[in-house]
Amino acid sequence: MADSKELHAGALEALPIGAVKTFTSGRREIGVLRLKDGSVHAFRNHCPHKGAPMCAGKLTGTMLPSAPGTLEYGLDGLVLRCPWHGYEFDVRTGRRPFTDSAMSMRVYPVAIRDGEVYVDLSPRKSSNGAKS
């Protein structure tokens, strides 16, 4: 890809499970996170609501839709909560769980090659071909 830009985030084994490691690329700060299942996810260190540093947020779960009178907790270790206002985002997709909100956290594709973690910082293409 001609406009491809990668961030080398180091060795997979150096990423602690459940802790966000922050990297800088140009003017962007990127959070990289390895989950309990071994998957690695990357996201922009910027809450789309008011710009809070998402890397300072808590990795947690959330309350699931459930029957009246019951409370059910789930998605443990998959939800990053904004440290300022508590907005929750799924670290795998960047979307807010169980809402139809268009607000989402920017996530980046991650590749693991020869035990090393790389984050693709290439501009996204929308469905109409425009870059974002």
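**Strands, contacts and cores**

Reply: Strands β6 and β7 pair in the antiparallel sense, over three bridges. Strands here are DSSP runs (E, at least two residues), numbered from the N terminus, and two strands pair if DSSP finds at least two bridges between them. This is a predicted model, in which local features need pLDDT of at least 70 and side-chain atom pairs count only at pLDDT 80 or more, while totals for chains, interfaces and linings use all residues. Residues are numbered from 1 along each chain as its sequence is written, and side-chain values use heavy atoms, with hydrogens and water left out.

Me: Which residue in β7 is the bridge partner of V79?

Reply: The partner of V79 is D90. In the hairpin of β6 and β7, six residues lie between the strands, and G86 takes a positive phi near 80 degrees. On another side of the story, β6 (residues 72–81) is also joined to β5 (residues 58–64) by six bridges, again running antiparallel, and L59 stands opposite L80 in β6.

Me: How do I read burial, and is E88 buried or exposed?

Reply: Buried means under 20% relative accessible area, exposed over 50%, and partly exposed in between (1.4 Å probe, protein chains only). E88, which is placed in strand β7 (residues 88–90), counts as buried because its relative accessibility is 18%. By contact we mean heavy atoms within 4.5 Å, and, not counting residues up to four places away in sequence, E88 touches G61, T62, V79, L80, R81, R95, R96 and P97.

Me: With which residue does E88 form a salt bridge?

Reply: A salt bridge is a side-chain nitrogen of Lys or Arg within 4 Å of a carboxyl oxygen of Asp or Glu. The partner of E88 is R81, with the closest N and O atoms 2.7 Å apart, and R81 is partly exposed, at a relative accessible area of 28%. By this rule the count comes to four salt bridges. Another of them joins the side chains of R92 and D90 (2.7 Å, N to O); here R92 is partly exposed at 40%, whereas D90 is buried at 8%.

Me: Which parts does the salt bridge of R113 and E6 tie together?

Reply: The side chains of R113 and E6 meet at 3.0 Å, N to O. Because R113 lies in strand β9 and E6 in strand β1, the pair ties together parts that are 107 residues apart in sequence. Three strands form an open sheet in the order β1-β10-β9, with antiparallel pairing; β1 (6–11) and β9 (110–113) are the edge strands, each pairing on one side only. Within this sheet, β1 and β10 (residues 116–120) pair over five bridges, and E6 stands opposite D120 in β10.

Me: What should I look for in a nonpolar core?

Reply: In soluble globular proteins, nonpolar side chains tend to be buried together. A nonpolar core is a set of buried Ala, Val, Leu, Ile, Met, Phe, Trp, Tyr and Cys residues joined through side-chain atoms within 4.5 Å. The largest such core has 15 residues, and those with the most contacts inside it are F43, C47, M54, L80, F89 and M105. Apart from it lies another core, of 13 residues, among them A9, L15, V32 and V117.

Methods: Helices (H or I, at least four residues) and strands (E, at least two) are DSSP runs, numbered from the N terminus.
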